[in-house]
Amino acid sequence: MVTLGELAAHLGCEADSDDVGIELDGIAPLGRAGSRDLAFVSESRYLDALKDCRAACVIVKPDWQAQSPVPALCVADPYLAYAQISAFFDTLPAPPLGIHPGAFVDPSVTVPASASIGPGACVEADAVLGEHVVLSPGAYVGRGVTLGDNCRLWPGVVLYHGVVLGDDCVVHANSVIGADGFGFARRTDGWEKISQLGSVRIGDRVDIGAGVTIDRGALDDTVIADDVIIDDQVHIAHNCVIGRRTAIAGCVGMAGSSVIGEDCTFAGQVGVSGHLKICDNAHFTGQAKVARKVDEPGNYSSGTPLEATRQWRKNAVRFGQLDAMQRRLVKLEAKLDALGEAVSDDD
Amino acid sequence: MVTLGELAAHLGCEADSDDVGIELDGIAPLGRAGSRDLAFVSESRYLDALKDCRAACVIVKPDWQAQSPVPALCVADPYLAYAQISAFFDTLPAPPLGIHPGAFVDPSVTVPASASIGPGACVEADAVLGEHVVLSPGAYVGRGVTLGDNCRLWPGVVLYHGVVLGDDCVVHANSVIGADGFGFARRTDGWEKISQLGSVRIGDRVDIGAGVTIDRGALDDTVIADDVIIDDQVHIAHNCVIGRRTAIAGCVGMAGSSVIGEDCTFAGQVGVSGHLKICDNAHFTGQAKVARKVDEPGNYSSGTPLEATRQWRKNAVRFGQLDAMQRRLVKLEAKLDALGEAVSDDD
Amino acid sequence: MVTLGELAAHLGCEADSDDVGIELDGIAPLGRAGSRDLAFVSESRYLDALKDCRAACVIVKPDWQAQSPVPALCVADPYLAYAQISAFFDTLPAPPLGIHPGAFVDPSVTVPASASIGPGACVEADAVLGEHVVLSPGAYVGRGVTLGDNCRLWPGVVLYHGVVLGDDCVVHANSVIGADGFGFARRTDGWEKISQLGSVRIGDRVDIGAGVTIDRGALDDTVIADDVIIDDQVHIAHNCVIGRRTAIAGCVGMAGSSVIGEDCTFAGQVGVSGHLKICDNAHFTGQAKVARKVDEPGNYSSGTPLEATRQWRKNAVRFGQLDAMQRRLVKLEAKLDALGEAVSDDD
């Protein structure tokens, strides 16, 4: 439970003195928010629904306040304000401090009193743990790993030896950071494994989803800069470098040694080839096939639109004739020009 | 070992009294089934192979019985019958009942005597476990999770706090249900995390493969209805709603808040954009890019066919000229019409 | 630390007697290699950078030795030589021999004295462990699994019952081998699960990345031949058969029962439909949609090139008109021919 006055203080905005004592238990979508819920309006297209709002309070832009039938918190960016106060409503208790007797911590490791290490978690020799780190049950911290302050590993996360995380990072369950990059040299009779001697260095405030894999570098490190956010099941291959604040949605795959700029966004299932350079502020729509460098900011796409399969088949077969169609078109143009001239000459 | 008579009884079909004592040790493909194997014919195109069948017994449609050189079980749908009796041949012993001394179960949790909890499994406070649940080694059940009767979590499965599974669900190894949805608000200097306050609610008889991620909702829950089946490495983002009996093959990714109908099928690697509505009985071929709503049942596809790379390159470059080609085509048509008229006028 | 003489001996190449004592601490890219680093030149386009090289030693082809300002090791294939000596520079200590007291090993299992079993690892009944196997913390070895000599499972790997690995295999963290294939028969009211009675058989020297899923077969086994290499987050469905030395990059998905030849390569995110046969020496570029059999060796691709989204939209909409465009083209050609003849007749 939190009061409207507390939220207003946290957001640094005004609240009517009659309203500061209003108690809130949760946040809910505008349409179903009830008498103990907070709601918010982030886009003007939702204003129609605002007039029927029965929330205890609603976050709006100042211009929209007059349209609210309930007490309002006015801020420049209601969606950001919603994000900023969302943690007040997260009721999950903090995990217990200390080392669970079912955890395995190498005696070489100093565990801060503020840390929480769950049962089955394992910390190998020479790991360095920051203040307030949370190692959930079954998390694995390899030899010589460094975890900054306030890092949280959810259950089953695996950090291989030497991986470095900055402060305030979150890694969701079963993600793997620092496994060997996919490096092999061809022999006539098979493949010669290349030991992956680099590591993975991750900045501050990096948020990593569940089931993610970020591989260690071959010689240099794989690098994820500050404030990068990564969704579930993303794969980042060895020696990629991801610039600050770049956002990577679910199931994106990045091949080795690609260098991604700052403030880029990758929608789901985008694939990036290896050894590419992508400039800052490049944005990719879902499933885009990024097989060339990008040096102009902007939005990029590839693929074909969804069609009924029967119609798609007809068009898809023509894709395989596209070059021939183009050449027929060129021939037609020339022939028509020639004929046009012949007809004019006739006149 | 099972007898033909027992299988006939299970399937509710007739077996010749001379045959009921036939003993079967396994199921095998028609071509290699031997004298203690059961085989089946599910499609008429396999009837040619039936005449050489050396199985102990074969499941067929009634019309095909005369063509079988070996005893037959006759049913309307042989493939379904094969599925229905396949469990007779699964020889893996049930896991031992009780709580392994290497498991970690919060004292607040009541564990039914019919449950099996393996070493390294962890059950947090206030979880509710149904009858006959199996928590394999290293499975993690977060605070306040509800597991219906007969649920089985394979090793390394992680259920975050508050996740609800109905009865008879299976979750294969290392899948993660209830990790935070990918929700952030943009600040000028980075991203503001949005606490994901919803959960994941999963119905009865839902089967989930290995390495799957299903994220918890932002405000409302992510919902998977009864009888949904999900293959390995599928990603379902926050606040998706998946309708009953829908089948999702490997590596499919669904972005946030999409609402999928009943009885849909998604082939491998399909990508679904966020906030879309897909009607019942919509079917998508592999890698389809579902970036718009679908309100007509039917089959849908996108992409281009596989070609030799040398040929593909020529056609792919023309894709980037398609709009120009279309405009040249329109111009040609107009020019040809004009010329045709000019020629006619001349006559 | 290793000496140049030791590396020359390992590679079977000559080193100048003045140089054999040179001590090396690491391998570094040509551009940043310092006085205790080894470097290598694998392609002639890097020869320009060789003249400024400050490494302690460089691996080159014999023809390039004259251009090296530092001592050189001359070999026919410098990239392969780099791979062959890379393990000398891997400083991670071997895991401790023996069974950690926090591991769970069924009494029926014989553990070789050369094996290492970490805390939280679990070995079920009747598993067979080869010499020098390493089961990292939290790895799970199901009932009756066979692991050949020198196999290494990284943390959180799950091998289901009956899975067989040959010698010298590596499986990176949180991969799952042997989960149920995605097999269900349709009932009117839902799906009937088909028990997956096959297993997974993996050859020698197979390298499997992190977060991979390889499902057990329905009746026969899923088979991965010797010397196959598999990157992170690959999914291989039930009853696939992968030929020797085939390389599969990250996020590739293969549907059930496909049979892949030897020496194939799959780039990232390729999707292979079910029941296909792919011949030896077939190579697929990233995201290729392999929905038909391939019986000619060579390179294959599909998809469209990356474009600015605004331009892509214009072309993509024309894709849906391709068949109509083709028909208009045919009509134009006929009309133009007719007109051409009419004009000639006029003359």
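I count two residues as in contact if their C-beta atoms, placed from the backbone, lie within 7 Å. The model I am looking at is predicted.

**Entry 1: chain A on its own**

I looked up contacts in chain A between residues at least 6 apart in sequence, and 17% of them join residues at least 24 apart. I then listed the secondary structure: chain A has five helices and 38 strands.

For the overall form, I took the C-alpha trace of chain A along its principal axes, where the spans are about 95 × 70 × 35 Å. The radius of gyration of chain A is 28 Å, whereas a compact globule of 347 residues would have one near 20 Å. I also checked burial, and 56% of the 347 residues in chain A are buried.

Chain A is split into domain 1 (2-89), domain 2 (98-300) and domain 3 (309-346). I looked up the centres of domain 1 and domain 3 of chain A, taken over C-alpha atoms, and they are 60 Å apart.

**Entry 2: where chain C touches chain A**

How many residues does each chain bring to this contact? Chain C brings 64 residues and chain A brings 65 residues. On the chain C side, the elements giving two or more residues are strand S3 (26-27), helix H3 (78-86), strand S38 (307-308), helix H4 (309-319) and helix H5 (322-346). Of these, H5(C) gives the most, with 10 residues. By residue type, I noted 31 nonpolar, 23 polar and 10 charged on the side of chain C that touches chain A.

I followed one strand pairing across this contact. Strand S37 (residues 298-301) of chain A pairs with S38(C) over two bridges, in the antiparallel sense. Opposite A:Ser301 I found C:Glu307, in S38(C).

**Entry 3: helix H3 of chain C**

Is H3(C) mostly covered or mostly open? H3(C) is mostly covered, with eight of its nine residues buried. The buried ones are C:Pro78, C:Leu80, C:Ala81, C:Tyr82, C:Ala83, C:Gln84, C:Ile85 and C:Ser86.

From chain A, the cover includes strand S20 (184-187) and strand S21 (190-193). From chain C, the cover includes helix H1 (4-11), S3, strand S4 (37-40) and strand S5 (57-60).

**Entry 4: where chain B touches chain A**

Here 65 residues of chain B are in contact with 64 residues of chain A. The elements of chain B that each supply at least two residues to this side are strand S20 (184-187), strand S21 (190-193), strand S36 (289-290), strand S37 (298-301), helix H4 (309-319) and helix H5 (322-346). H5(B) gives the most, with nine residues. I noted 28 nonpolar, 23 polar and 14 charged residues on the side of chain B that touches chain A.

I followed a strand pairing here too. Strand S38 (residues 307-308) of chain A and S37(B) run antiparallel and are joined by two bridges. A:Ala308 stands opposite B:Tyr300 in S37(B).

**Entry 5: the nonpolar core**

In soluble globular proteins, nonpolar side chains tend to be buried together. I looked up the largest nonpolar core in this model, and it holds 225 residues. Which of its residues touch the most other members? They are A:Val141, B:Val141 and C:Val141.

I listed the contacts of C:Val141, leaving aside its neighbours within four places in sequence. C:Val141 is in contact with C:Cys122, C:Val123, C:Glu124, C:Ala127, C:Leu135, C:Leu147 and C:Leu159.

How values were computed
Residues numbered from 1 in each chain as written. Chains lettered and ligands numbered in written order. Predicted model: local features only at pLDDT ≥ 70, side-chain atom pairs only at ≥ 80, totals over all residues. Domains from an automatic or database assignment. Helix = DSSP H or I, 4+ residues; strand = E, 2+ residues; numbered from the N terminus. Nonpolar A, V, L, I, M, F, W, Y, C, P; charged D, E, K, R; others polar. Pairing = 2+ DSSP bridges. Buried ≥ 20, exposed ≤ 12 C-beta atoms within 10 Å, placed from the backbone. Rg over C-alpha atoms; globule rule 2.2 N^0.38 Å. Core = buried A, V, L, I, M, F, W, Y, C linked by C-beta atoms within 7 Å.
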